[in-house]
Amino acid sequence: MPVTTFAYAADETVDAVVIGGGAAGLNGALMLARSRRSVVVVDGGTPRNAPAEGVHGLLGLEGVAPTDLLRRGREEVRGYGGEVVVGEVISAVPAGPSAEGDPRFTVTLADGSAVQARRLLVATGLRDVLPEVPGLARHWGHDVVHCPYCHGWEVRDEPIGVLAVGPASVHHALLFRQLTDDLVYFNRGAGLDEETRERFAARDIRIVDTPVAAVESTGDGRIVGVRLTDGQIVTRRVLAVATGLQARTEGLAGLNLPMQDLPGGMGRHFATGPGGITQVRGVWVAGNATDPMAQVGASAAAGALAGAHINADLATADTDAALAAARHGS
């Protein structure tokens, strides 16, 4: 996508700016645009699922390429008058409210352009943090997977290895055991009690306690196995890892949005209430930025709900302003 800039003048105020052009952001923008709201989507162009070949578990669009899904989403938003801008948000801060006390925000891009908005929908998504194992990152999204529901069918019956990163990896292993009879659990010093070892043995999950040194690859770039510190190579075709899940917060510090930690030190996300509302008046959050476990369909649904809530909030504010003007005129 070519880099674009705001079509609105700096002194204009749009109803909403959506920060993030993934499923949550685009669906939120779609709801707003269909409600005849002026809405701008700022798309950084780096979706979380970019390495994936297809989106799975999305009814009616099973297997659609992520790029195709987002392209169609952008076209649909634009078809209702919404604007989609490709750029990086470097600042989103509260501005002086309207005379009636309605919130205002200023969103500035890396190219220096800026736009004023009455409401913000943060849909920046998250960043997957992989363990620092040599040779692992190059396979991310292909032979290295994280979600049994997103990628499980595609790796069924393969020799799969689970790289432990903490307590969450135990349940991760049980989910991937549903997909293959050949599963190896690389403990990586995470610690396993005797009951867990017994449960793994009952499901024929092999445990490797020797530390992992690196991931080995074939000449054509596929995983061939996991090399241990003693030199042994455990043959594997697929590796599953529960990644760290860090909400993307770049450019948003000025909003002072509250955040929460995930259990077990697995990540950090924005704290929200019903419909994605936050403690900062006029700001909503939707998608993986607040719900790290949500798949594409759930993120899109959350964006739609947040968009509807924003429109309802704007409708109330519009009515309050009209009433105040009518009373002042009388």
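Arginine 118 and aspartate 15 are both buried, where buried means under 20% relative accessible area, exposed over 50% and partly exposed in between (1.4 Å probe, protein chains only). The exercises below start from this pair. The model is predicted, so local features need pLDDT of at least 70 and side-chain atom pairs count only at pLDDT 80 or more, while totals for chains, interfaces and linings use all residues. Residues are numbered from 1 along each chain as its sequence is written, and side-chain values use heavy atoms, with hydrogens and water left out.

**Exercise 1. Work out what joins arginine 118 to aspartate 15, and which strands the pair ties together.**

Step 1. Apply the criterion: a salt bridge is a side-chain nitrogen of Lys or Arg within 4 Å of a carboxyl oxygen of Asp or Glu. The closest N and O atoms of arginine 118 and aspartate 15 are 3.2 Å apart, and the two residues form a salt bridge.

Step 2. Arginine 118 sits in strand 6 (residues 114-122) and aspartate 15 in strand 1 (residues 13-19), so the bridge ties together parts 103 residues apart in sequence. Helices (H or I, at least four residues) and strands (E, at least two) are DSSP runs, numbered from the N terminus.

**Exercise 2. Describe the surroundings of threonine 106.**

Step 1. Threonine 106 lies in strand 5 (residues 104-109). Its relative accessible area is 16%, so threonine 106 is buried.

Step 2. Its side chain makes a polar contact with the side chain of glutamine 116, at 2.9 Å. A polar contact is a pair of N or O atoms within 3.5 Å; within protein, one must be able to donate a hydrogen and the other to accept it, and residues adjacent in sequence count only if both atoms are side-chain atoms.

Step 3. Leave out residues up to four places away in sequence. Threonine 106 then touches Ser91, Ala92, Val93, Ala95, Ala114, Val115 and Gln116, a contact being heavy atoms within 4.5 Å.

**Exercise 3. Find what proline 94 touches.**

Step 1. Proline 94 is in strand 4 (residues 89-95). With 47% relative accessibility, proline 94 counts as partly exposed.

Step 2. Beyond four places in sequence, proline 94 touches Arg104, Phe105, Gly254 and Leu255.

Step 3. Proline 94 and leucine 255 are 161 residues apart in sequence, yet 6.8 Å apart in space, C-alpha to C-alpha.

Step 4. Turn to alanine 321, in helix 6 (residues 296-329). Alanine 321 and arginine 199 are 122 residues apart in sequence and 63 Å apart in space, C-alpha to C-alpha.

**Exercise 4. Locate arginine 36 and aspartate 157, and give the phi of each.**

Step 1. Most residues other than glycine have a negative phi. Arginine 36 has a positive phi, near 65°. Aspartate 157 also has a positive phi, near 65°.

Step 2. Arginine 36 is in the loop between helix 1 (23-34) and strand 2. Aspartate 157 is in the loop between helix 3 (148-151) and strand 9 (160-163).

Step 3. Arginine 36 counts as exposed at 81% relative accessibility. Aspartate 157 is exposed at 63%.

**Exercise 5. Summarise the chain as a whole.**

Step 1. The chain has six helices and 19 strands.

Step 2. Its C-alpha atoms fill a box of roughly 85 × 40 × 35 Å along the principal axes.

Step 3. Of the 330 residues, 48% are buried.
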